[in-house]
Amino acid sequence: MAGVNRRAFLGRAILGGTGWLVLREARSAWSYQANEKLNLAVVGLGARGSYHVDMVPRVGQTLAAVCDANRTRIAAALKKYPQTPAFQDFRTMLDELDRRLDGVIVATPDHTHAVIAASAMTRGKHVYCEKPIAHDVGEARDLRQLARKHKVATQMGNQGMATDAFRCTLERIQDGAVGEIREAHVWYVFGGSGPMTRPADTPPVPEHVNWDLWLGPAPLRPYHPTYMNSWWAWREYSTGCLGGGGSHSINMTFKALDLAALWEGRAKGAIRVEPDSPERCPENFPRVEIVRFHVPARGSMPPAVVHWYNATEDELRRRGIWQRLEKIAGRPLDWKEGWTPQSGSLLVGSKGVVHTNAHNSLCALLPEKDFPKTGGKPQRFPSVRSHEREWMQACQGGPKALSNFDHSGPAIEFVLAGNIATLVGRPVLFDPGQFKILNDPEADRALRPEHRKGWELPG
């Protein structure tokens with residue numbers, strides 16, 4: 001889709017107490033010319049959304065709209081960008097601005113990622129969605145299919161895949177530097193909330209919040225600030241650490257093991273997902289979360305086991321996991337720089353070991369004496385300035401972003417299958433090719449939880 005350049009601002013109106021700020025004559029606000037700036041909307045104005053609100057003009061694109069169910073957050077954005085059209089309801093935004101938008105950046109809580117992204121894609125808008133792009137396995141599958149159907153540029157927000165370190169290391173793995181990989185370990189030093197009691201009181205909804213919009217496809221419940229302030233702790237709104245942290249940490253493993261073959265029909269078989277957590281958390285997430293993914297052979301690649309650990313460092317040490325990982329790495333696990341330096345991944349090959357940080361943005365081939373040549377520019381993958389710019393270039397007709405929905409959709413399906421296993425508390429057999437959990441009807445239904453009426457994903 002060609003970019004469009006804003007030529008004139010025709011005025012704004014506050015619509016009858018709703019707090020929506022929109023163009024009076026939206027259809028004539030911009031004229032189109034090819035190869036000009038992208039008009040991008042940001043939906044969700046929390047920490048990540050606020051970053052994107054500043055990022056869009058900083059990289060030379062047009063901030064065409066901001067949107068949030070919380071009018072207080074809208075007001076904060078308008079203090080910095082007072083001429084920007086603002087909305088509470090993303091659906092109204094898409095209807096009002098229609099063809100004046102080239103793309104949408106989604107930065108809301110997990111449970112509304114997919115419905116916003118799908119609504120944008122069905123209107124032909126390019127989509128950048130913060131991780132984990134979807135709240136459940138079915139949504140991730142639908143987003144991948146919608147992106148293909150509507151031929152839009154997509155990207156999941158995971159910065160590490162855009163680094164030269166990630167791309168160079170992946171190339172070396174693919175070239176056989178560390179040999180055959182049968183074992184991988186991915187860990188996040190965090191821990192879940194543990195079981196929580198739902199609040200019994202029902203305070204009034206604040207005037208600045210549209211509670212129905214915030215809930216979106218989630219079940220209808222009385223408002224309580226606990227849900228908005230601690231949404232990450234509740235399965236109805238969050239994907240837990242598997243979605244929030246695993247969506248960063250799994251990418252080197254997913255690519256290196258060519259797990260996409262199971263989604264693309266180049267290999268067949270089910271993934272056995274085994275939970276090993278001491279407490280059941282049907283509404284929240286375990287404080288100690290251990291999951292093993294047994295992956296079938298993919299072409300010439302042998303079966304492999306991917307181990308996932310989420311707990312505090314003290315708990316990982318108490319269980320001997322930390323010490324075992326340090327022994328595999330042959331060095332301390334902590335990185336001295338980068339994001340979340342205590343978390344990371346290990347890929348265990350027959351010739352060596354790959355150690356990454358949590359975002360896969362720092363990588364080392366071990367033992368270092370066997371791999372003296374590190375760094376440099378990737379040869380087969382493009383070197384890019386940032387993952388946001390990579391997506392924007394794709395929007396303007398450039399190559400697909402590496403973390404487009406053809407990659408991130410299956411990768412998120414993979415990690416969210418772990419959430420199903422911890423939900424039911426027993427091993428499940430997930431077959432990506434059939435999109436089915438073969439051994440457990442309850443778990444199979446959890447692949448695609450029911451959306452609240454009126455909030456189904458559009459096609």
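Which residue in E14 is the bridge partner of Val189? In this predicted model, the partner is Ala311. I shall begin with the pair of strands concerned and then widen the view to the sheet around them.

Strand E11, residues 181-189, and strand E14 run parallel and are joined by seven bridges.

Let us turn to strand E13, residues 289-295. With strand E14, residues 304-311, strand E13 runs antiparallel, and seven bridges join the two. Within that pairing, Glu289 stands opposite Asn310 of E14. E13 also pairs with strand E12, residues 271-275, in the antiparallel sense, over four bridges. There, Glu274 is placed opposite Arg292 of E13. Why is strand E13 described as largely enclosed by the rest of the structure? The reason is that five of its seven residues are buried.

Among the buried residues are His113, Val115, Ile116, Ser119 and Met121. Just after H4, Gly124 adopts a positive phi of about 80 degrees.

I come next to the backbone geometry of the loops. The loop between strand E9 (126-130) and helix H5 (137-150) contains Pro132, and the peptide bond that joins Lys131 to Pro132 is cis, with omega at about 10 degrees. Ile133 lies in the loop between E9 and H5 as well. The phi of Ile133 is near 65 degrees, a positive value in a residue other than glycine. Is Ile133 buried or exposed? Its relative accessibility is 0%, so Ile133 counts as buried.

A further cis peptide bond leads from Leu366 to Pro367, with omega near -5 degrees. Pro367 is placed in the loop between E17 and H15.

Asp258 also has a positive phi although it is not glycine, with a value near 50 degrees. This residue is found in the loop between helix H11 (251-256) and helix H12 (261-264). With a relative accessible area of 23%, Asp258 is partly exposed.

One more loop residue deserves mention. Asn404 sits between helix H15 (387-395) and helix H16 (405-424). Its relative accessible area is 11%, so Asn404 is buried. Neighbours within four places in sequence aside, Asn404 is in contact with Thr154 and Gln155.

Finally, a word on confidence. The chain has an average pLDDT of 92, and 92% of the residues score at least 70. Over residues 1-34, however, the pLDDT is below 50. That stretch has 93 contacts in the model beyond near neighbours in sequence.

Technical notes
Residues numbered from 1 in each chain as written. Predicted model: local features only at pLDDT ≥ 70, side-chain atom pairs only at ≥ 80, totals over all residues. Heavy atoms only, no water. Buried < 20%, exposed > 50% of the residue type's maximum accessible area, 1.4 Å probe, protein only. Pairing = 2+ DSSP bridges. pLDDT = per-residue confidence, 0-100. Contact = heavy atoms within 4.5 Å.
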